[in-house]
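The report below goes through a structure of paired chains.

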Amino acid sequence: MSPEEGAPDAAADDAARDYLETTIWAEVDRALSGITARPVTDEEERSVIDLVVRVPPREVVTALRALRDAQGMNFDYLRSLTAVDYEEEGVDVVYHLYSVETRHNVTVKCRLAADRLVVESATSVWRAANWYEREAQEMFGVRFEGHPDPRNLLLPEEMTDVFPLRKSHPLAEIEVLQGEGIAYEEGEL
Amino acid sequence: MVANTPEQEFETRELLINMGPQHPSTHGVFRMVLGVDGEVVTDVVPYIGYMHRGAEKLCETMDFRQGVGYMDRTEYLANFNAELSYVLAVERLAGIEVPERAQWIRMILCELNRLSSHFMFTGAFGTDVGVFGTAFVYSFREREVILDLFEEITGDRLMYAYFRPGGLAWEVPENFETRVHEVLLSARHGIREMDSLLTENEIFLARTKGVGAISAADAVDWGMSGPSLRASGVPLDLRRDDPYLYYPQVDFDVITGEAGDVFDRYHVRLREMRESVRIIEQCMEHLSDGPILPERLPRMLRTPPGEIYERTEAPRGEYGIYLVSRGGNRPYRLKVRSACFSNLQALRDMTIGHYVADAVVILGSIDIVLCEVDR
């Protein structure tokens, strides 16, 4: 949906996509020289409106700092930081950045192996990362190395061995009650 | 016997004071431990999570239409704005075209919700500051006028669940336009009243000017957003900077402050209310007849795999929905980025060095909604 027209326009969408993957990526790539970053262009994984960049976990804080301090398009604002659980494939840590001056967005992602959920803390780059990392830690079990205050934030402080937002964590029986077969028959959709 | 020296006589030491979670000034259930040296705050440790209900996890188990109701519960003072982020995220991901009329009505309701939320703020904030009673009752009267309209439209005072992916749940009542004009008339009067009750009030000024200031650089570093950020002089308003709905078609000013203190955070909100009235008036001119849902909308909505971080300007700041889909009728992961969560982090910086009595005022000036912080 483009704000002016209110109607999806395939040509405009392609142009917007092209702008993200060439112009914005060129800026981001320039800021991230020396870091093995790649843009996500796969249709099934990319974001609808933003550029997504994948960075290896050990380089992610270097990359974030480089993006924050980059000339021209400096992404100085941390919108959000969270994690996504892909079960045996690992856990993604996702950083949403914004440039207050140039009004551009970029999403930085790193994939952590399921048996080694450790990444360096971004609190040295933005103080804003503090609570977001505490939340991601208690909810997903991702350890943020060098975090100044790694206590639980929303959950009880002694609850350090349960990670509620992991896919393996059950949500009582609600899954069954609201399954697709109840309200809608298979094939009806 | 040797007499005590004055230093020994008046020995001071730091005290830890526990405030909350059930303190009336915390606007919900929020606890902070204040370190105080005499009357001056030396440290603040906030504790949140008392209202954590796992909304993100619950949304993973619900289809896209059911999820709308949960957004209401995360942000109970600006429900339409919260619902909007969610439905826009689903629509953009699924590529649904929304009819023009539905978009304009959404815009009107979101701005009215901003008015009702800011009325709530001015009243409660007046109480925090010590202008007890009058401002509170007057602003609640104005808020109630707006909530009456919401009730006529949606059937509920607070939990509307009125937006749908694709449009609106049902058509607004026939007298909608007259009613909106009535509400605006009363709101304009209310804003004037707030101005004379608070902005020109000596006690109010003495309690708010120069208290709890935060610089623009610090505010950006803490990820603050909304009026709290604009008060520090950063002109970041997603309605203009990252447009959604038909905001590019209406004319409004982005209000900023200068000092970033408590007074500016209040004053930015009050002036912003006038802009909201302006926006609604323009929306009413654009409003025309038409459908409120697309002609073809599947009974069970599915999205292709992909992700989106949708952000809108809610009354308290950026309300973001990070929606990851792997295909199917439910989110694979849904993250709610709440404005107060980031704004509240900066509380420590704002409060240290001020009097204990000001801690309440500074907390009030962020306009926290704990349901939104804890989700």
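In this predicted model, A:Val108 touches A:Val53, A:Val55, A:Val60, A:Ala63, A:Leu64, A:Tyr95 and A:Leu97, leaving aside neighbours within four places in sequence. A:Val108 is also among the residues with the most contacts inside the largest nonpolar core, along with A:Ala63, A:Leu64, A:Leu67, A:Leu97, B:Ile108 and B:Ile368. That core has 157 residues. Helix 5 of chain B, residues 100–129, gives the most to the core, with 14 residues.

**Chain A**

Chain A has five helices and seven strands. Read from the N terminus, its elements follow the order α-β-β-α-β-β-β-β-α-β-α-α.

Five strands of chain A form an open sheet with mixed pairing, in the order 1-2-5-4-3. Strand 1 (38–39) and strand 3 (77–85) of chain A are at the edges; each has a single partner strand, so one side of each is left without a neighbour in the sheet. Strand 1 of chain A runs antiparallel to strand 2 (residues 51–54) of chain A, and two bridges join them. Within this pair, A:Pro39 has A:Val53 in strand 2 of chain A as its bridge partner. A:Val53 is also one of the contacts of A:Val108.

Helix 2 of chain A (residues 60–69) lies across strand 4 (91–98) and strand 5 (105–112) of chain A, and runs at about 170° to strand 5 of chain A. Helix 3 of chain A (residues 129–140) lies across strand 3 and strand 4 of chain A, at about 5° to strand 3 of chain A.

**Chain B**

Chain B contains 16 helices and eight strands. Its radius of gyration is 22 Å, close to the 21 Å that the globule rule gives for 375 residues, so chain B is as compact as a globular protein of that length. Taken along the principal axes, the C-alpha atoms of chain B fill a box of roughly 95 × 45 × 35 Å.

| Chain | Quantity | Value |
|---|---|---|
| Chain A | Buried residues, of 189 residues | 37% |
| Chain B | Buried residues, of 375 residues | 54% |
| Chain A | Contacts joining residues at least 24 apart, among those at least 6 apart in sequence | 52% |
| Chain B | Contacts between residues 24 or more positions apart, among those with a separation of 6 or more | 71% |

Three strands of chain B form an open sheet in the order 1-2-3, with antiparallel pairing. Its edge strands are strand 1 (15–19) and strand 3 of chain B, each pairing on one side only. On average, neighbouring strands of this sheet are turned by 20° against each other, direction ignored.

Strand 2 (residues 31–37) and strand 3 (residues 40–47) of chain B run antiparallel and are joined by seven bridges. Across this pair, B:Leu34 stands opposite B:Val44, and B:Val33 stands opposite B:Val45. The hairpin of these strands of chain B has two residues between the strands, and B:Gly38 takes a positive phi near 65° there.

Is B:Leu149, with 19 other C-beta atoms within 10 Å, buried or partly exposed? Burial needs 20 or more such atoms, so B:Leu149, with 19, is partly exposed. B:Leu149 lies in helix 6 of chain B (residues 134–154). Not counting residues up to four places away in sequence, B:Leu149 touches B:Arg179 and B:Val183. The C-alpha atoms of B:Leu149 and B:Pro173 are separated by 9.9 Å, and these residues are 24 residues apart along the chain.

**Contact between the chains**

The contact between the chains takes 40 residues from chain A and 49 residues from chain B. On the chain B side, the elements giving two or more residues are helix 2 (55–60), helix 4 (79–94), helix 5, helix 9 (216–221), strand 6 (306–314), strand 7 (317–325), strand 8 (333–337) and helix 13 (339–345) of chain B. Strand 6 of chain B provides the largest share of that side, five residues. By class, the side of chain B that touches chain A has 20 nonpolar, twelve polar and 17 charged residues.

Conventions: Residues are numbered from 1 along each chain as its sequence is written. Chains are lettered from A and ligands numbered from 1 in the order in which they are written. This is a predicted model: local features need pLDDT of at least 70, side-chain atom pairs count only at pLDDT 80 or more; totals for chains, interfaces and linings use all residues. A nonpolar core is a set of buried Ala, Val, Leu, Ile, Met, Phe, Trp, Tyr and Cys residues joined through C-beta atoms within 7 Å. A residue is buried if 20 or more other C-beta atoms lie within 10 Å of its own, exposed if 12 or fewer, and partly exposed in between; C-beta atoms are placed from the backbone. Helices (H or I, at least four residues) and strands (E, at least two) are DSSP runs, numbered from the N terminus. Two residues are in contact if their C-beta atoms, placed from the backbone, lie within 7 Å. The radius of gyration is taken over C-alpha atoms; the globule rule is 2.2 Å times the number of residues to the power 0.38. Ala, Val, Leu, Ile, Met, Phe, Trp, Tyr, Cys and Pro count as nonpolar, Asp, Glu, Lys and Arg as charged, and the others, Gly among them, as polar. Two strands pair if DSSP finds at least two bridges between them. Axes are lines fitted to C-alpha atoms, for helices over the stretch in contact, and angles run from 0 to 180 degrees between N-to-C directions.
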